[in-house]
Amino acid sequence: MVTHPDYSKVSTAHSTRKIRDMTDVLMDQTWISYPDKILYDMYREVHLSKEELQKMKEAQLRYDITVIPPAMLGPEYVKTAGHYHPCPNSCGAEMLSYPEVYQVIRGTATYLLQKKDLSDFIIVEAHEGDVVLIPPNYGHVTVNADSEELVMANWVSDAFGSEYEPVRCKAGLAYYITEDGIAQNGNYDKMPPISYAKPKSYPEIDLYSGVDMYGLVNDLKKLDFLVNPQNYPDLFKKPFYEV
């Protein structure tokens with residue numbers, strides 16, 4: 001796995017999410033007293049050499065690292081802000097938005113995936129080395145419900161900007177992960193059904209749980225599905241193992 005004592009030295013950009021950046025997506029805001037507290041760090045375009053960074057740019061791909069220490073947001077476990085992805089300009093008949101792929105480097109991640117039409121809500125728990133594919137047309141949030149720091153990596157196309165407003169305007173996804181279990185978000189008129197799933201490997205694109213996915217920097221054509229999802233509809237039909 002790509003580990004480094006200071007990811008800012010192997011990335012082109014470092015940013016943070018503070019509590020004040022998250023207030024619109026929290027289940028409860030009454031507890032907030034330190035709005036400038038940093039909740040998590042994001043390191044963009046992580047690379048181990050300038051040559052590899054150039055290859056990523058040419059392929060319209062980005063490898064990022066996110067570090068989320070354990071914390072509570074009132075009754076909720078700490079989480080990312082959450083967003084959807086747009087479709088490429090050439091969506092094709094399938095109308096597939098840009099996907100994304102994550103790998104847990106350290107800790108335990110709970111990924112919440114919500115289909116845009118609210119027909120599906122998937123909860124995936126992933127551990128060190130696990131690979132999780134965010135399929136097209138799903139919004140997603142990552143929760144650290146563990147007592148240990150979560151460090152995760154992602155490959156994603158750099159050809160788009162994420163869409164945060166659909167999540168903000170509803171104060172989060174349809175469900176929250178709290179210390180008392182799963183709680184419904186009352187801002188939704190329709191609640192999607194919940195299903196539980198676990199990660200899987202994708203041998204057809206050389207993505208394997210337990211194998212460092214940064215290694216694909218040497219064969220970025222394998223990640224073309226992130227840039228041109230309309231060419232890979234079969235890949236997204238069964239993205240997870242059902243529990």
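The legends below accompany a series of views of a predicted model of a single chain.

**View 1. Overall fold of the predicted chain.** The chain holds four helices and 15 strands. Its radius of gyration is 17 Å, close to the 18 Å that the globule rule gives for 243 residues, so the chain is as compact as a globular protein of that length. Taken along the principal axes, the C-alpha atoms fill a box of roughly 50 × 45 × 30 Å. Buried residues make up 52% of the 243 residues, and, among the contacts with a separation of 6 or more, 71% come from residues 24 or more positions apart.

**View 2. The largest nonpolar core and the surroundings of L113.** This core has 41 residues, of which Y111, L112, L113 and V124 touch the most other members. Strand β8, spanning residues 121-126, gives the most to the core, contributing five residues. When its neighbours within four places in sequence are left aside, L113 is in contact with D120, F121, I122 and V124, with L133, I134 and P135, with Y138, G139 and H140, and with F240. Another core, of 31 residues, lies apart from this one and has V10, L61, V227 and L235 among its members.

**View 3. Strand β6 with its two antiparallel partners.** Strand β6, formed by residues 100-106, is mostly covered, since six of its seven residues are buried. With strand β9 (residues 131-134) it pairs in the antiparallel sense over four bridges; within this pairing Y102 stands opposite V132, while Q103 has V131 as its bridge partner. With strand β11 (residues 150-157), β6 also pairs in the antiparallel sense, here over five bridges, and R106 has V151 of β11 as its bridge partner.

**View 4. The two faces of strand β9.** In a regular strand the side chains alternate between the two faces of the sheet. In β9, V131 and L133 lie on one side and V132 and I134 on the other, and as these residues are all buried, both faces of the strand are covered.

**View 5. The aromatic pair Y63 and Y214.** The model contains eight aromatic pairs. In the pair shown here, the ring centres of Y63 and Y214 are 4.9 Å apart and the ring planes stand at 80°, so the arrangement is edge-to-face. The pair links distant parts of the chain, as Y63 belongs to strand β3 (residues 61-68) and Y214 to the loop between β14 (194-198) and α4 (224-227), with 151 residues separating them. Y63 has a relative accessibility of 1% and therefore counts as buried, and Y214, with a relative accessible area of 4%, is buried as well. Together with W155, Y63 and Y214 form one aromatic cluster.

**View 6. The aromatic pair F121 and Y175.** The rings of F121 and Y175 have their centres 4.9 Å apart, and because their planes stand at 75° the pair is edge-to-face. This pair, too, links distant parts of the chain: F121 lies in strand β8 and Y175 in strand β12 (residues 175-178), 54 residues apart. F121 and Y175 are both buried, and F121 is also one of the residues in contact with L113.

**View 7. Lysine side chains over tyrosine rings.** K116 lies over the face of Y84, at 5.3 Å from the ring centre. In a second example, the charged end of K200 sits over the ring of Y241, 5.5 Å from the centre of that ring.

**View 8. Two loop residues with positive phi.** Although A171 is not a glycine, its phi is positive, at about 60°. A171 is placed in the loop between α3 (165-168) and β12, and its relative accessibility of 15% falls under the 20% limit, so it counts as buried. D206, likewise a residue other than glycine, has a positive phi near 60°. The position of D206 is in the loop between β14 and α4, where a relative accessible area of 34% makes it partly exposed.

Notes:
Residues are numbered from 1 along each chain as its sequence is written. This is a predicted model: local features need pLDDT of at least 70, side-chain atom pairs count only at pLDDT 80 or more; totals for chains, interfaces and linings use all residues. Side-chain values use heavy atoms; hydrogens and water are left out. A nonpolar core is a set of buried Ala, Val, Leu, Ile, Met, Phe, Trp, Tyr and Cys residues joined through side-chain atoms within 4.5 Å. Buried means under 20% relative accessible area, exposed over 50%, partly exposed in between (1.4 Å probe, protein chains only). Contact means heavy atoms within 4.5 Å. Two strands pair if DSSP finds at least two bridges between them. Rings of Phe, Tyr and Trp (its six-membered ring) pair if their centres lie within 6.5 Å; planes under 30 degrees apart count as stacked, over 60 as edge-to-face and the rest as tilted. A charge sits over a ring if NZ of Lys or CZ of Arg is within 6 Å of the ring centre and within 35 degrees of the ring normal. The radius of gyration is taken over C-alpha atoms; the globule rule is 2.2 Å times the number of residues to the power 0.38.
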